[in-house]
Amino acid sequence: MPCAKPLAKSARAANIAAEMDGPYYMDAVITPNRSLSQRGFVILISIVTALNCISAAVFMSMGATLVPIFLALDVGAIALAFLISFQAARQVERVQVTAREVRVLRQTPQAQALVWTSPTAFTRVDVEVEDERTVGVKLMLSGRFAQVAAALSPGERADFARALQAAIWQARSNRF
């Protein structure tokens, strides 16, 4: 897979879409599905905290003074895991197709990185299927490849692969 090229937080990073020539045949933004909303997280962590406080009170009444520390660490670890998950959910993947090139960007609220760029005329879409499920979609060019749409479910990934193939085909046919 090609190395990601970080783009500076500058006008170039902000105007990366403007650099591509011609109309877009595809400009897809792929966002990961969140398993829990912010409100759901607050409810869950409140329930876990309340249960751990009750357990801590029981253990403290029995004289086990170190148990509340470990229960607090448990709540902290759960909260940290969810916060890391929420941070990863903010990363989006953008796939752009014009008559001239195919481009894949990874974007976070702070920065974006150009992961893949290739001429549309020579870019292939490889779809990996196992047990009638689409398990992977790759952009390929001269032995190089970039995995795309990994955040989608197998059904969504198959639909995306068809749309990407159609966009590339349409971009090639409208090129001349």
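**Reading the model**

Tutor: At 21% relative accessibility, R106 counts as partly exposed. Keep in mind that this is a predicted model.

Student: Which residue does R106 meet in a salt bridge?

Tutor: The general idea comes first. Side chains of opposite charge can pair when their charged atoms come close. Here the side chain of R106 meets that of E93, at 2.4 Å from N to O.

Student: Is E93 buried or exposed?

Tutor: Buried means under 20% relative accessible area. E93 has 9%, so it is buried.

Student: How many salt bridges does the whole structure hold?

Tutor: A search finds 5. One of them joins E101 and R103, whose closest N and O atoms are 3.0 Å apart. E101 is buried at 15% relative accessible area, and R103 is buried at 7%. Another salt bridge joins E128 and K138, at 3.1 Å from N to O. Because E128 lies in strand β6 and K138 in strand β7, that pair ties together parts 10 residues apart in sequence. E128 is partly exposed at 28% relative accessibility, while K138 is buried at 18%.

Student: How do I place these strands in the overall fold?

Tutor: Start with the inventory. The protein has 4 helices and 8 strands, in the order β-α-β-α-α-β-β-β-β-β-β-α along the sequence. Of its 176 residues, 34% count as buried. Among contacts between residues at least 6 apart in sequence, 56% join residues at least 24 apart.

Student: What should I look for in strand β7?

Tutor: In a regular strand the side chains alternate between the two faces of the sheet. Strand β7 covers residues 133-141 and includes T134. T134 is buried, at 8% relative accessibility. Beyond its sequence neighbours up to four places away, T134 touches V127, E128, V129, P154, R157 and A158.

Student: How do β7 and β8 run relative to each other, parallel or antiparallel?

Tutor: They run antiparallel, joined by 5 bridges. V137 stands opposite V148 in β8. The two strands form a hairpin with 2 residues between them, and S142 in the turn has a positive phi of about 50°.

Student: How should I read a helix, such as α4?

Tutor: An α-helix has 3.6 residues a turn, so residues three or four places apart point the same way. Helix α4 spans residues 154-173. The distance from its first C-alpha to its last is 29 Å, close to the 28 Å expected for 20 residues at 1.5 Å a residue. Its buried residues are R157, A158, F160, A161, L164, A167, I168 and A171.

Student: What covers the buried residues of α4?

Tutor: The cover includes β2, β3, β4, β6, β7 and β8.

Student: Where does V58 lie?

Tutor: V58 is in helix α2, residues 38-61. At 43% relative accessibility, V58 counts as partly exposed.

Conventions
Residues are numbered from 1 along each chain as its sequence is written. This is a predicted model: local features need pLDDT of at least 70, side-chain atom pairs count only at pLDDT 80 or more; totals for chains, interfaces and linings use all residues. Side-chain values use heavy atoms; hydrogens and water are left out. Buried means under 20% relative accessible area, exposed over 50%, partly exposed in between (1.4 Å probe, protein chains only). Contact means heavy atoms within 4.5 Å. The expected span of a helix is 1.5 Å times one less than its number of residues. Two strands pair if DSSP finds at least two bridges between them. A salt bridge is a side-chain nitrogen of Lys or Arg within 4 Å of a carboxyl oxygen of Asp or Glu.
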